[in-house]
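Me: Please take a close look at a single part of this model and describe how that part is packed.

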Amino acid sequence: MMELERIDDLCQKLAMGTLATHLGHTTEEAVRKDWSYQEFFERMLQAEHRERQERSRVALTKTAGFPAIKTIEQYDFTFATGAPKSLLNELNSLAFIERAENVVLLGPSGVGKTHLAIALGYKATQSGIKTRFVSAADLMLQLASAHRDGRLKEYIRRAIQAPKLLIIDELGYLPFSREEASHFLKVIAQRYEHGSVMITSNLPFAQWDTAFAGDATMTAAMLDRLLHHSHIAMIAAEIVIISANPTRIKEQSDRLIRKDCC
């Protein structure tokens, strides 16, 4: 008994509480099944590892800031009859995050853009990927507050650069001031080719300048970075996927600039 107590005490000091919890019954099982020392040790470490992974998933989900928990399986494909399950399944593999690619979900209210964004973000947290979900309006408030308090650099490092997946919901519902638009451009620039950004918006790209203080040049610069490596879904009665390419982006940017000039 004293030996088990000493082992338990060492486990607690080493922050391996699960190993201590499983020690008794795992030892009994090892004796019954005549496990080798190596097999016994491996089983103990597996139990500790599983518990740590679960704690990590819970913590990542809590800190992500999801307004609710949604999954791809819960998405109503009978409503969005054109939803490309093959692409959504590809995104659900989360490979786009490892490649630091972006995702943009466009469409009117009520078609499930936020549901899909949360679902992909939740899947990321369950895979051990640090994720942050924030509405565009809240992001602007936080950036403005950090700027006023002289801690913008620290806020960008902690809240913008740190997550591997940054989800910005409802871009375009409220227009940005010029200062806010400049902050948003900085967000996209800081993440460019370093971390994935997922954006939902009710506006087609041709109208994004209306959300960015009417500044078509700034909007075009932001779109160049956002769409360089991206997956785009336009969601209505059906979802049509457009593969972003430099030529298409340049054409869109030129149209925005001409609109601003004229």
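**A helix and its ring cluster**

Reply: Phe176 is buried, at 7% relative accessible area; buried means under 20% relative accessible area, exposed over 50% and partly exposed in between (1.4 Å probe, protein chains only). This is a predicted model, in which local features need pLDDT of at least 70, side-chain atom pairs count only at pLDDT 80 or more, and totals for chains, interfaces and linings use all residues. Residues are numbered from 1 along each chain as its sequence is written, and side-chain values use heavy atoms, with hydrogens and water left out.

Phe184 is buried too, with a relative accessible area of 0%. The ring centres of Phe176 and Phe184 lie 5.7 Å apart with planes at 35°, so this pair is tilted. Rings of Phe, Tyr and Trp (its six-membered ring) pair if their centres lie within 6.5 Å; planes under 30 degrees apart count as stacked, over 60 as edge-to-face and the rest as tilted. Trp208 and Phe212 form a stacked pair, 6.5 Å centre to centre with 20° between the planes. Both Trp208 and Phe212 are buried. Ring pairs join Phe176, Phe184, Phe205, Trp208 and Phe212 in a cluster.

Phe184 is one of the buried residues of α9, along with Ala181, His183, Val187, Ile188 and Arg191. Helices (H or I, at least four residues) and strands (E, at least two) are DSSP runs, numbered from the N terminus. Down the axis of α9, the buried residues fall within an arc of 160° (directions from the helix axis to the C-beta atoms), so they line one face of the helix. Their cover includes α7, α8, β3, β4 and α11, where contact means heavy atoms within 4.5 Å. Just after α9, Glu193 has a positive phi of about 60°.
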